[in-house]
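I opened this notebook to record what surrounds the ligand and what lines the pockets. The entries follow the order in which I looked things up.

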Amino acid sequence: MAYKIAVIAGDGIGPEVIAEAVKMLKHVRSDIEFEEALVGGAAYDATGHPLPETTLDLCRSADAVLLGAVGGPKWDQIPDPKLRPEVGALLPLRSELNLYANVRPAKAFGALVDASPVKLGPAGIDLIVMRELTGGIYFGEPRERREGGNYAVDSMVYRRSEVERIAQRAFDVARTRHRRIVSVDKANVLETSRLWREVVDEMAQGNPDVNVSHMLVDNCAMQLVRDPSQFDVILTENMFGDILSDEAAMITGSLGLLPSASLGDPKAGTVFGMYEPIHGSAPDIAGQNRANPIAAIMSAAMLLQYTCDDTASSQRIEAAVEAVLQKGIRTSDIAGTSEPVGTRQMGDAILAALE
Ligand code: NAD
């Protein structure tokens, strides 16, 4: 087998949507081996920990990880926060696997363009936010309270090497698209942003085939709403990316359809990554065959593109999803007044469109 994928479906609707994503991968490639493991609340119930060592070992040994979602009310009351699924599984997975590049595409499917809360022009929205995921203010030290709790400090810290590796990823991704990067910072105020801009400019000189420009984060937030079609790849640090990627996702009008990838260093010639839908475990509809599997299926498409370097299969899946949506087939979250289909039926329709 050419690739080994760790399948950690997790909780709630995770297993339902991941089953449909795996169906697509099995259909388009015969050289992927799948190995399943527990994560999140399901793992806590079975082993007492949301990220058992065996699961982490499997992920480390795999070429990619396909994750559903973790968490739910059943585990919210676990007294030790480090044993709750989100804190005890998601964050350590990212840091243990050194997944420093978060890739979040925001693309409105043609059939759903009217769902955007923003009036989109004919060019719509089709961009990627490339967010640095393991540095910046969420991780900087010191972070503490002083003066009896009345003085709080967080530290925004970046090292040159951290900027270089995420910028390199952005150049790689831009080359698969329209070769335009807007690097977003706050260089008029922040020292970390001045370092960021310096490094990105240096790297732009070594990558002359990609157009690089800079934008201040406040302007970028405004420009995204004014005309999202001006962006191809947005490269930015952790906190700015956190906020801008949610803004961009909402502009597509369909939070529940969007995938994401968190990439680490290339491993044995392939890009190691963890692929997951951006939605959560949706406990309100879990086990009812009502979840929309498209975000998970599009996450599988990203896996094909980045880890397997198989853009053709990735684009086939995306085209099949678009074709099914064009036919008016909808799960209940996007059905409006039409009669919805279930999770499995949506998966089957996409599979049929692939064939
Ligand atoms: P959520 O994304 O799970 O659900 C929000 C709303 O969107 C719900 O009404 C849900 O039914 C709907 N929804 C989400 N995905 C859908 C899909 N694929 N198809 C149809 N409808 C969908 O967010 P939440 O309710 O805030 O969180 C629920 C649990 O998930 C919490 O425990 C939270 O911590 C966890 N969570 C996990 C992740 C993750 O694993 N990456 C991300 C976000 C939230």
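Which residues around the ligand come nearest? I noted first that the model is a predicted one. Of the 18 residues around the ligand, I found that E86, G280, A282, D284 and N292 come nearest.

**Entry: the ligand.** I sorted the shell around the ligand by class and recorded eight nonpolar, six polar and four charged residues. I then looked up backbone contacts. A backbone N or O atom of G280 lies 2.7 Å from an oxygen atom of the ligand. For A282, a polar backbone atom is 2.7 Å from a ligand oxygen, and for G72 the corresponding distance is 3.0 Å. On its own the ligand has 800 Å² of accessible area, of which the protein covers 65%.

**Entry: the largest pocket.** I read a volume of about 450 Å³ for the largest pocket. Its lining has 20 residues, and K107, D126, R177, Q305 and E318 lie nearest the centre. The elements that give two or more residues to this lining are β4, β5, α10 and α11. I noted that α10 gives the largest share, five residues. By class, I recorded 10 nonpolar, six polar and four charged residues in the lining.

**Entry: the second largest pocket.** This pocket holds about 340 Å³ of space. Among its 20 lining residues, R94, E276, P277, I278 and H279 are the closest to the centre. The largest share of the lining, three residues, comes from α5.

Definitions and conventions: Residues numbered from 1 in each chain as written. Predicted model: local features only at pLDDT ≥ 70, side-chain atom pairs only at ≥ 80, totals over all residues. Heavy atoms only, no water. Near = heavy atom within 4 Å. Polar contact = N/O pair within 3.5 Å; in protein donor to acceptor, adjacent residues only side chain to side chain. Areas by Shrake-Rupley, 256 points an atom, 1.4 Å probe, with all protein chains shown as cover. Nonpolar A, V, L, I, M, F, W, Y, C, P; charged D, E, K, R; others polar. 1 Å grid on protein atoms, 1.4 Å probe; cavity = no way out; pocket = protein on both sides within 12 Å on 5 of 7 lines; lining within 4 Å. Points joined across faces, edges and corners; volume = space filled by probe spheres on them. Helix = DSSP H or I, 4+ residues; strand = E, 2+ residues; numbered from the N terminus.
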